[in-house]
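Subject: A structure to look at, with notes

Dear colleague,

I am handing over a structure that I would like you to open and turn around before reading further.

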Amino acid sequence: MGIEEKRCFDRLSITGCRGSRVNIILLGPPGAGKGTQAERLVADRGMVQLSTGDMLRAEKNAGTDLGNRIKAVMESGALVSDEIVSSLIDENLARLDAGQGVIFDGYPRTAAQVETLDGLLAAHGRKLERVIELAVDEDSLVARIVGRYTCARCGAGYHDTFRQPRVAGTCDVCGSHEFKRRADDNEETVRTRMAEYRAKTEPIIPIYDARGILRRVDGMADIDRVSAAIAAILDGR
Ligand SMILES: [Zn+2]
């Protein structure tokens with residue numbers, strides 16, 4: 001019994017298994033909730049997330065021949081070549097159970113890589129079924145990120161606009177009066193990250209749109225609604 005079948009059997013669930021073999025690219029700027037959605041797809045559907053950054057780090061730490069090449073390139077300050085990234089994806093695809101769907105994250109970023117990915121997937125009897133973009137409104141995203149802060153003692157999350165403590169300046173959970181904000185939760189950083197995201201997706205979005213496999217989900221909706229929208233897409237509803 002494969003991993004996916006076993007998972008489905010254990011959960012006695014049909015809906016949790018549908019669409020599990022689907023291979024997708026998940027796109028979204030930092031703060032859009034891409035990480036949370038990917039985690040849910042991994043937990044609920046047994047999908048595997050292939051993030052370029054994670055794969056590079058894992059291979060480097062594994063100390064394989066390829067890992068040592070990656071280490072040398074990274075230490076020299078150069079960018080890891082397309083050829084190395086392709087080898088990495090190829091190896092990771094080879095390790096998967098045939099029933100496991102894949103979530104690509106951080107790849108592809110160029111038209112050439114789009115073609116390479118098609119070839120790699122085909123070599124493993126797979127194809128890319130959907131490209132899902134968590135669409136955000138930049139100003140709303142900035143407001144969402146810039147306003148957030150946490151209790152310095154217990155970590156409870158708050159927001160200047162959307163979730164203030166019931167008593168001003170006092171944590172609802174632990175009563176602490178000290179709060180903190182992340183240094184990179186400022187407007188300039190968020191806008192810079194948005195610009196980087198756009199630059200990275202601009203080359204590939206039109207290609208997938210033209211193929212008819214691009215789907216946009218409202219990334220500003222609450223987490224459960226976003227998950228439901230993604231599920232509907234994967235299940236072909
Ligand atoms: Zn607290």
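Ala 183 sits in the loop between β7 and α8 (187–201); helices (H or I, at least four residues) and strands (E, at least two) are DSSP runs, numbered from the N terminus. From Ala 183 to Ile 207 there are 24 residues in sequence and 36 Å in space, C-alpha to C-alpha.

Please keep in mind that this is a predicted model, in which local features need pLDDT of at least 70 and side-chain atom pairs count only at pLDDT 80 or more, while totals for chains, interfaces and linings use all residues. Residues are numbered from 1 along each chain as its sequence is written, and side-chain values use heavy atoms, with hydrogens and water left out.

The chain as a whole

The chain holds ten helices and eight strands, and its C-alpha atoms fill a box of roughly 60 × 50 × 35 Å along the principal axes. Of its 237 residues, 40% are buried. If contact is taken to mean heavy atoms within 4.5 Å, then 69% of the contacts with a separation of 6 or more are accounted for by residues 24 or more positions apart.

The zinc site

Which residues coordinate the zinc ion? They are Cys 151, Cys 154, Cys 171 and Cys 174, each through its SG atom, at 2.3 Å. Donors are N, O and S atoms within 2.8 Å of the metal (3.2 Å for Na, K and Ca), and since water is not among the atoms, sites may look incomplete. The angles that the four donor atoms subtend around the zinc ion run from 103 to 116 degrees, so the arrangement is tetrahedral; four donors count as tetrahedral if all angles lie between 85 and 135 degrees. Along the chain, the donors follow the spacing C-x2-C-x16-C-x2-C. Because Cys 154 lies in the loop between β5 and β6 (157–159) and Cys 174 in the loop between β6 and β7, the pair ties together parts that are 20 residues apart in sequence. Cys 154 is partly exposed at 37% relative accessibility, and Cys 174 is partly exposed at 25%.

The aromatic residues

Rings of Phe, Tyr and Trp (its six-membered ring) pair if their centres lie within 6.5 Å, and planes under 30 degrees apart count as stacked, over 60 as edge-to-face and the rest as tilted. By this rule there are three aromatic pairs. The rings of Tyr 149 and Phe 179 have centres 5.5 Å apart and planes at 85 degrees, so this pair is edge-to-face. It links distant parts of the chain, with Tyr 149 in strand β5 (residues 148–151) and Phe 179 in strand β7 (residues 179–180), 30 residues apart. Tyr 149 is buried at a relative accessible area of 12%, whereas Phe 179 is partly exposed at 26%. Together with Tyr 158, these two residues form one aromatic cluster.

Helix α4 (residues 65–76) has twelve residues and reaches 17 Å from its first C-alpha to its last, close to the expected 16 Å, the expected span being 1.5 Å times one less than the number of residues. Its buried residues are Leu 66, Gly 67, Ile 70 and Val 73. They cover an arc of only 125 degrees around the axis, which puts them on the same side of α4; the arc is that of the directions from the helix axis to the C-beta atoms. An α-helix has 3.6 residues a turn, so residues three or four places apart point the same way. The buried residues of α4 pack against α3 (52–62) and α5 (82–95), while Asp 65, Glu 75 and Ser 76 are exposed on the other side of α4. After α4 comes Gly 77, with a positive phi near 85 degrees.

In helix α2 (residues 34–45), the buried residues are Gln 37, Ala 38, Leu 41 and Arg 45. They fall within an arc of 100 degrees seen down the axis of α2, so they line one face of the helix.

Methods:
Buried means under 20% relative accessible area, exposed over 50%, partly exposed in between (1.4 Å probe, protein chains only). Four donors count as tetrahedral if all angles lie between 85 and 135 degrees; four count as square planar and six as octahedral if opposite donors are over 155 degrees apart and all others between 65 and 115; anything else is irregular.
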